Amino acid sequence: MNNGEMFGTSTAVKYLKILIFLFGLSINVFCHGNTCSRRNSRIVRRILDEHFYKYYVNEDINMPDSCLFKPTRDMYLFSEQNKKEEGSTKWSCEFCGKAFMAESSIDLHFDNRHSDKILRADNAVCLADLCDFLRCDIVSGVKKPSYWDEALCKESEVTVLREKCEAAIKSCVPLTLIGTKRYDFQRELKESVCSYLTCDRYWEVPLKEGSAFGMTAYVVAVVLLFMLLTIYYFVVYSHFYTEHSLLDETEGLLASNRQAIYSQSAPGSYQMRQRSAYVANR
């Protein structure tokens, strides 16, 4: 077999694996049963809410039914929408009104008592199945990189994940978009979720909306605090450890200013007091 045939075979195998992956995500949800992680599905849902869906809203574009990320294909979305968090230790089911102390408990309740609310259409998707290329453990903070994780990263393995991600993104671009608009929109979608699938960026956590402003405000606050502390310690040092206290000089300057203002505002009274003092001393 020559090099051309080997290259063609490897490429065909690669795309066949991607097609099998996409098909596996789209099969009947009855095969999932309770094996689809609600926790990981929530992480994926949050990632999409924060970094993906906004592009459709901004461009006023309808997401095609073929898109694996389309909310109407999310098998747990309806039950999640009927879960109410009333506090850090209280969750209630809006289907029956029962309350629970932990989210994991209400998840089990949904699976056991309201399994009929799970989407079981042929095209239903378990969002947790997308965790490998959406990096659920990293985004959620469960997994932190060690030195060896970063040093031993294999670009070939990360490339496989990126190809899965890009294949999923491709299914989310409407056929009605053509030309440069289609290219630009697809590029934005890839950048939002697939751009982290390189060894250089794999361990990065995407910033939330408003995080950049929050970081700027934090830096400004730290700088102002440092300046105020510097001024405070300078004043304290000047007062206790120098011959001429900055506080005394400031107080004297203020007294002089008050006397000058008083003399300008009531010159007659000031002159009379001066004359009285002169006469008394004679």
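Trainee: Let's start with open spaces. What volume does the largest pocket have?

Mentor: The largest pocket has a volume of about 330 Å³. Keep in mind that this is a predicted model.

Trainee: How many residues line the largest pocket, and which lie nearest its centre?

Mentor: The lining of the largest pocket has 17 residues. Nearest the centre lie Ile 138, Lys 143, Leu 161, Tyr 202 and Trp 203.

Trainee: Which helices each supply at least two residues of that lining?

Mentor: Helix 6 (131–134), helix 7 (136–139) and helix 9 (155–170) each do that for the largest pocket.

Trainee: And by class, what is in the lining of the largest pocket?

Mentor: Nine residues are nonpolar, one is polar and seven are charged.

Trainee: Which residues line the largest cavity?

Mentor: The largest cavity is lined by Ile 47, His 51, Leu 134, Arg 135, Val 139, Ser 192, Val 193, Tyr 196 and Pro 206. By class, six are nonpolar, two are polar and one is charged. Helix 2 (38–51) and helix 10 (179–193) each supply at least two residues of this lining.

Trainee: Arg 135 is on that list. Where does Arg 135 sit?

Mentor: Arg 135 is in the loop between helix 6 and helix 7. Look at its backbone too: phi of Arg 135 is near 55 degrees, a positive value in a residue other than glycine.

Trainee: Is Arg 135 buried or exposed?

Mentor: Arg 135 is buried, because its relative accessible area is 4% and the cut-off for buried is under 20%.

Trainee: Which other residue has a positive phi although it is not a glycine?

Mentor: Asp 60 has a positive phi of about 55 degrees. Asp 60 lies in the loop between helix 3 (54–59) and helix 4.

Trainee: Buried or exposed, for Asp 60?

Mentor: Asp 60 has 70% relative accessibility, so Asp 60 counts as exposed.

Trainee: Changing topic. What are the buried residues of helix 5?

Mentor: The buried residues of helix 5 are Ile 106, Asp 107, His 109, Phe 110 and Asp 111. Their cover includes helix 2, helix 4 (77–81), strand 1 (83–87), strand 2 (90–93) and strand 3 (99–100).

Trainee: Take His 109. Why does it count as buried?

Mentor: His 109 counts as buried because its relative accessibility is 8%. Its helix, helix 5, runs over residues 103–113.

Trainee: What does His 109 touch?

Mentor: Leaving out residues up to four places away in sequence, His 109 touches Cys 93, Cys 96, Lys 98, Phe 100 and His 114. The side chains of His 109 and His 114 are also joined by a polar contact of 3.1 Å.

Trainee: And Asp 111? Which side chain makes a polar contact with the side chain of Asp 111?

Mentor: That of Arg 38, at 3.2 Å. Arg 38 is found in helix 2.

Trainee: Why is Arg 38 classed as buried?

Mentor: Arg 38 counts as buried because it has 5% relative accessibility. Not counting residues up to four places away in sequence, Arg 38 touches Tyr 76, Ser 79, Glu 80, Asp 107, Phe 110, Asp 111 and Ile 118. Asp 107, Phe 110 and Asp 111 are among the buried residues of helix 5.

Trainee: What about the loop after that, with Val 125?

Mentor: Val 125 lies in the loop between helix 5 and helix 6. At 0% relative accessibility, Val 125 counts as buried.

Trainee: Zoom out. How many helices and strands does the protein have?

Mentor: The protein has 13 helices and three strands. Of its 282 residues, 31% are buried. Among contacts with a separation of 6 or more, 67% come from residues 24 or more positions apart.

Trainee: Last one. What is the mean pLDDT?

Mentor: The mean pLDDT of the protein is 79, and 62% of the residues reach 70 or more. Over residues 25–33 the pLDDT is below 50, yet this stretch has 24 contacts beyond near neighbours in sequence. Residues 210–214 are also below 50, with zero such contacts. Where pLDDT is low, the predicted coordinates should not be read in detail.

Technical notes:
Residues are numbered from 1 along each chain as its sequence is written. This is a predicted model: local features need pLDDT of at least 70, side-chain atom pairs count only at pLDDT 80 or more; totals for chains, interfaces and linings use all residues. Side-chain values use heavy atoms; hydrogens and water are left out. pLDDT is the predictor's confidence in each residue, from 0 to 100. Contact means heavy atoms within 4.5 Å. Helices (H or I, at least four residues) and strands (E, at least two) are DSSP runs, numbered from the N terminus. Buried means under 20% relative accessible area, exposed over 50%, partly exposed in between (1.4 Å probe, protein chains only). A polar contact is a pair of N or O atoms within 3.5 Å; within protein, one must be able to donate a hydrogen and the other to accept it, and residues adjacent in sequence count only if both atoms are side-chain atoms. On a 1 Å grid over the protein atoms alone, a cavity is a set of points where a 1.4 Å probe fits but cannot get out, and a pocket is an open set with protein on both sides within 12 Å along at least five of seven lines; lining residues have an atom within 4 Å of a point. Grid points are joined across faces, edges and corners, and a volume is the space filled by probe spheres set on the points. Ala, Val, Leu, Ile, Met, Phe, Trp, Tyr, Cys and Pro count as nonpolar, Asp, Glu, Lys and Arg as charged, and the others, Gly among them, as polar.
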